[in-house]
Amino acid sequence: MDFSSFLTSLGTSFVIFLVLMFLFTWLSRRPSNHVVYYPNRIMRGMDPYEGIRFTRNPFTWIKEAVSSTEADVIRHSGVDAAVYFVFLSTALGILVLSGVLLLPVLLPVAYTAENKIDANETTSEGTFNELDKLSMGHIAQKSDRLWAFVAATYWVSFVTYYLLWRSYRHVSNMRAEALMSPEVKNEQFAALVRDIPAPEKGQSINEQVDSYFKAIYPDTYYKAMVITNNKVANKIYAELEGYRKKLERAEAIYAESKGTAKPEGTRPTTKTGFMGLIGKKVDALEYYDKKIRELVPKLETEQKIAVKDKQLSAAVVFFNNRVTAAAAGQCLHDTMLDKWTVMDAPEARQLLWTNLSKNFYERLIRQYVVYFIVFLTIFFYLIPIGLISALTTLANLQKLVPFLKPVLEQSTIRTILEAYLPQIALIIFLALLPSFLLFLSKAEGIPSLSHAERAASGKYYYFSVLNIFIGVTVGHTLFDSLKDIEDNPNSVFDVLAASLPGSATFFLTFVALKFFVGYGLELSRIVPLIIFHLKKKYLCKTEDELKEAWAPGDLSYGTRFPDDMLVLTIVLCYSVIAPIILLFGVLYFGLGWLVLRNQVLKVYVPSYQTYGRMWPHIYNRVAVSLLLYQATMVGYFGAKEFIYTPVLIPLPILTLLFIYFCTMKYYRFFRSTALDVACRELKETPNMEGVFRSYVAHSLSTEKTAEAVKFVDDLAHVTRPGSAV
């Protein structure tokens with residue numbers, strides 16, 4: 001990439017961000033768009049502008065974001081959102097403190113070096129000469145100036161240790177404060193039990209669970225809800241809800257048709273076949289009402305069958321004391337590992353019911369099978385991503401597709417393609433991967449949505465590092481290096497080390513594209529806005545349909561964390577090789593902090609709360625990125641033939657010791673609730689029947705009050721089933 005292409009990429013990305021920011025300022029003030037830009041406030045019963053000073057200044061949102069506190073974030077979006085901002089602040093702090101030393105020290109050291117850069121040392125294929133002079137590649141082999149870069153490698157490492165330590169301690173305190181809250185949280189009075197052994201002859205699972213936990217917790221055990229297979233009930237319930245929505249929509253259309261010209265209105269019609277598109281035409285109101293009346297008794301019958309005959313080997317057990325529930329979730333209940341597995345219960349809304357009854361050995365087998373599939377996915381994706389990286393360079397395109405040469409030689413087209421083609425191709429290629437990884441994580445038998453998203457996030461992170469960071473780095477010189485490796489197989493490590501500088505400019509523009517264009521789209525919410533207005537105009541007829549059209553969803557931690565971690569990994573690994581990348585990293589995390597602060601306070605609505613349970617996952621990934629950075633530097637100093645390279649070997653050892661110490665000191669509290677935290681007083685006595693009811697699946701509930709009381713009593717005292725969705 002030449003200098004003009006680099007400036008084109010950076011400049012146009014910045015202009016796009018400014019345009020999107022001004023669009024956001026204008027569009028967010030229109031009352032018809034409030035549900036897109038302020039759904040968090042609206043769903044909490046607040047006025048969109050409550051507590052906000054209304055001005056014409058397009059930068060007011062920045063002031064609001066900066067002035068907000070951690071307590072504001074927790075109040076609006078929960079502890080998990082606050083933990084995410086701890087991560088952003090930590091990453092930003094690492095890069096800022098690193099840059100304070102690296103930029104004023106390393107840039108002059110590199111620039112004033114008298115050395116002609118080899119072709120394999122360039123950060124930009126030899127065309128962006130000024131950037132080359134600011135990089136480690138400008139330092140001669142075996143030069144004493146490399147000592148400055150050794151010191152810088154140590155500085156970045158120790159800054160990371162310090163900030164990670166502080167953040168771990170802060171998040172631990174934040175989690176403790178949230179769990180000590182005097183507010184009643186239903187999940188704090190429940191425990192999830194899996195691997196229930198087969199009951200003795202003549203004994204039901206209900207009686208077995210009761211007798212087992214009453215013997216261990218005679219004073220605090222309340223009752224249990226045994227999980228059942230509700231697939232049939234769920235299917236009927238979904239069909240019933242679908243007809244209710246259709247009836248509500250048909251009623252709205254009928255009411256809309258009434259006017260002064262035709263006060264009786266026009267009754268809507270539908271067809272009885274597939275999706276109302278084929279079959280006999282009938283009156284929609286009568287047809288949907290008839291279907292509802294047919295399905296209600298079928299659902300009630302299936303509910304009773306599920307309660308009696310479809311019990312599974314898992315349960316949610318309830319205690320009238322949260323200390324006991326916390327203790328139960330972290331204690332060994334049986335001498336055998338594969339029996340009576342008890343853990344803290346997640347919130348009812350995030351339970352993956354179909355996974356709860358999977359036994360210990362099935363979960364273990366599924367886990368290894370999924371790991372193998374992920375390995376194959378990473379391996380086979382590495383090939384096309386390396387090819388994409390190689391093919392989307394203009395030099396290689398001219399070699400492989402000669403007839404494009406006249407087009408590619410046009411200066412304007414060449415500049416645009418060099419600025420955006422490789423980065424956009426990579427982003428598009430990876431778009432569908434997160435959903436696939438989440439599917440695989442759920443297939444492991446994981447019991448909760450938050451746990452599945454953490455697992456998918458971890459898989460996506462390692463995929464990103466291995467395929468994007470390493471794949472692009474190697475793919476950058478793939479075609480040029482194959483012959484060298486073929487002639488001398490032992491040169492593969494030299495090729496890897498030599499590939500690092502050549503990808504620096506690619507990653508500079510990759511990061512710039514993500515923070516300017518990515519965060520511009522995030523702030524402006526252009527795509528959700530267009531989709532909402534199209535649905536509102538052509539599809540939505542009822543209030544429920546309208547609410548579904550503008551419902552914002554959550555922050556999507558499962559994909560957001562890996563994306564951020566990829567950027568942090570890239571910037572860390574190139575921080576000493578090409579220190580200028582630190583400026584781009586600071587812009588990415590600084591702008592991300594501002595934009596997402598606004599979104600968390602006004603837009604996104606959390607779908608679950610784990611009270612910071614994700615932090616150890618984040619910490620481990622940052623630590624792995626630090627290890628990768630240190631290994632990269634050892635390899636690159638070796639490629640520089642620096643005889644004192646072994647002086648860096650203690651760094652990975654220190655990092656491993658640091659990971660071990662932090663894990664031993666802090667991790668257990670994130671896995672289980674400390675009893676000292678759980679013993680704090682509540683402001684009111686919990687309604688245990690309400691706690692119990694909160695875990696009853698929708699497909700097992702009933703609308704009739706008298707029947708609801710009897711049914712819940714059946715759940716508690718006859719078979720106590722939960723749900724297998």
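Modeller: Axes are lines fitted to C-alpha atoms, for helices over the stretch in contact, and angles run from 0 to 180 degrees between N-to-C directions. Helices (H or I, at least four residues) and strands (E, at least two) are DSSP runs, numbered from the N terminus. This is a predicted model, in which local features need pLDDT of at least 70 and side-chain atom pairs count only at pLDDT 80 or more, while totals for chains, interfaces and linings use all residues. Residues are numbered from 1 along each chain as its sequence is written, and side-chain values use heavy atoms, with hydrogens and water left out.

Colleague: Are α5 and α7 roughly parallel or roughly antiparallel to each other?

Modeller: Helix α5 (residues 70-111) packs against α7 at about 170°, and the axes are 10 Å apart. Angles under 35 degrees count as roughly parallel, over 145 as roughly antiparallel, 65 to 115 as roughly perpendicular and the rest as oblique. The two helices, α5 and α7, are therefore roughly antiparallel.

Colleague: How many charged residues are in the contact of α7 with α26?

Modeller: These two helices pack at about 175° with axes 11 Å apart, so α7 and α26 are roughly antiparallel. Ala, Val, Leu, Ile, Met, Phe, Trp, Tyr, Cys and Pro count as nonpolar, Asp, Glu, Lys and Arg as charged, and the others, Gly among them, as polar. The contact of α7 with α26 has 17 nonpolar and five polar residues, and the charged ones number none.

Colleague: Which residues of α24 make the contact with α26?

Modeller: Helix α24 (residues 557-574) and helix α26 (residues 615-639) have axes that come within 9 Å and cross at roughly 25°, so α24 and α26 are roughly parallel. Contact means heavy atoms within 4.5 Å. On the α26 side, the contact includes Ile-618, Arg-621 and Val-622; on the α24 side it is made by Phe-561, Met-565, Leu-568, Thr-569, Leu-572 and Cys-573.

Colleague: Which strands stand at the edges of the sheet?

Modeller: The open sheet has four strands in the order β2-β5-β1-β6, with antiparallel pairing; two strands pair if DSSP finds at least two bridges between them. An edge strand has a single partner, so one side of it is left without a neighbour in the sheet; these are β2 (221-228) and β6 (341-344).
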